[in-house]
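The sequence and the structure are shown first.

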Amino acid sequence: MQKSSFKILIAEDQAEIVKFLKQGLTEEGYNCVCAKNGIEAIDIVNKETISLILLDWMMPKLKGIEVCKALRSKNFKAPIIFLTAKDTVEDTIEGLKSGANDYVKKPFNFEELLARIETHLRIYHNIDDVLELGHIKINDSKHQVFSSKIEINLTEKEYNFLKYLMQNKGQVCERNAILEHVWDINFDYDSSVLDVFMNAIRKKLNLQKDELIKTVRGVGFIADEQ
């Protein structure tokens, strides 16, 4: 399932945090909607299909904990993650008892928050950890790659490169985006390294050039079964 099929509600009144979260989650491929107070958050949930909520505890008009209780009373079942500066055991217990699935203390690390989001989405929406592309299969939970049911040993970077392309199957992945997501490089860098890794991946998977994974000249790569 593509990340773009998930809609995350960011219910937070601090503009800088909203901007930071929306930019980061959008870059990861998620759809985002935002609410600046508790009443607006409930209104959005009533009108749209929300996959997960990032909920600030101290929301104007209606506090986050009251929003959480109200949504759960209306049978809203998608994951709710509290974002809060409160950090006592009592606060944590109160938040979880109100119906939240998780509790992240501010200031938070975005990568950790992202991992929690992915975990809750996978559990609630029953996302299969298996990615498929023709005769190629990735079992991400076991970190295994198969080609025609034969397990293939890839290096960590080869694995993450292939996984990124398969996660975005049918879409052209630009070279800069691959370098950023797989190599964590956010500056100008010689992207010819990608061709070296792609040649190694194709050789290990016994792929002919442009079979299943096509090179888009001057742009990047696309995983496509057509």
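## Annotated span and confidence

The end C-alpha atoms of residues 7-121 lie 11 Å apart, and this span is 47% helix and 21% strand. In UniProt, an unreviewed entry places the feature "domain: Response regulatory" at these positions, residues 7-121.

The model is a predicted one. The protein has a mean pLDDT of 91, with 98% of its residues at 70 or more. Confidence is highest in strand 1 (residues 7-11), where the mean is 97, and lowest in helix 4 (residues 89-97), where the mean is 81.

## Domain layout

The domain assignment divides the protein into domain 1, residues 3-125, and domain 2, residues 130-223. A distance of 32 Å separates the C-alpha centres of domain 1 and domain 2.

## Strand 1 and its partners

Strand 1 is mostly covered, with 4 of its 5 residues buried. Strand 1 pairs with strand 2 (residues 31-35) in the parallel sense, over 5 bridges. In this pairing, lysine 7 stands opposite asparagine 31 of strand 2. Together with helix 1 (residues 15-27), strand 1 and strand 2 make a right-handed β-α-β unit.

Strand 1 also runs parallel to strand 3 (residues 52-56), to which 4 bridges join it. Here isoleucine 8 stands opposite leucine 52 of strand 3.

## Aspartate 56

Aspartate 56 belongs to strand 3. The UniProt annotation "modified residue: 4-aspartylphosphate", from an unreviewed entry, covers Asp56. Aspartate 56 counts as buried because its relative accessibility is 4%, whereas the cut-off for buried is under 20%.

Leaving out residues up to four places away in sequence, aspartate 56 touches Ala11, Glu12, Asp13, Gly64, Leu83 and Lys106.

## Histidine 120

Histidine 120 is located in helix 5 (residues 110-124). Its relative accessibility is 15%, so histidine 120 counts as buried. Beyond its neighbours within four places in sequence, histidine 120 is in contact with Leu52, Pro79, Ile81, Asn101 and Asp102. Among these contacts, Leu52 is the residue of strand 3 that stands opposite isoleucine 8.

Strand 7 (residues 136-139) and strand 8 (residues 144-147) are paired in the antiparallel sense over 4 bridges. Isoleucine 138 has valine 145 of strand 8 as its bridge partner. The hairpin of strand 7 and strand 8 has 4 residues between the strands, and histidine 143 takes a positive phi near 55 degrees there.

Strand 8 pairs with strand 9 (residues 150-152) as well, in the antiparallel sense and over 3 bridges. The bridge partner of phenylalanine 146 in strand 9 is glutamate 151. This hairpin of strand 8 and strand 9 has 2 residues between the strands, and serine 148 in the turn has a positive phi of about 50 degrees.

Definitions and conventions: Residues numbered from 1 in each chain as written. Predicted model: local features only at pLDDT ≥ 70, side-chain atom pairs only at ≥ 80, totals over all residues. Heavy atoms only, no water. UniProt positions renumbered as here; feature names shortened; annotations may be inferred. pLDDT = per-residue confidence, 0-100. Domains from an automatic or database assignment. Buried < 20%, exposed > 50% of the residue type's maximum accessible area, 1.4 Å probe, protein only. Pairing = 2+ DSSP bridges. Right-handed = clockwise from strand over helix to strand, strands pointing away. Contact = heavy atoms within 4.5 Å.
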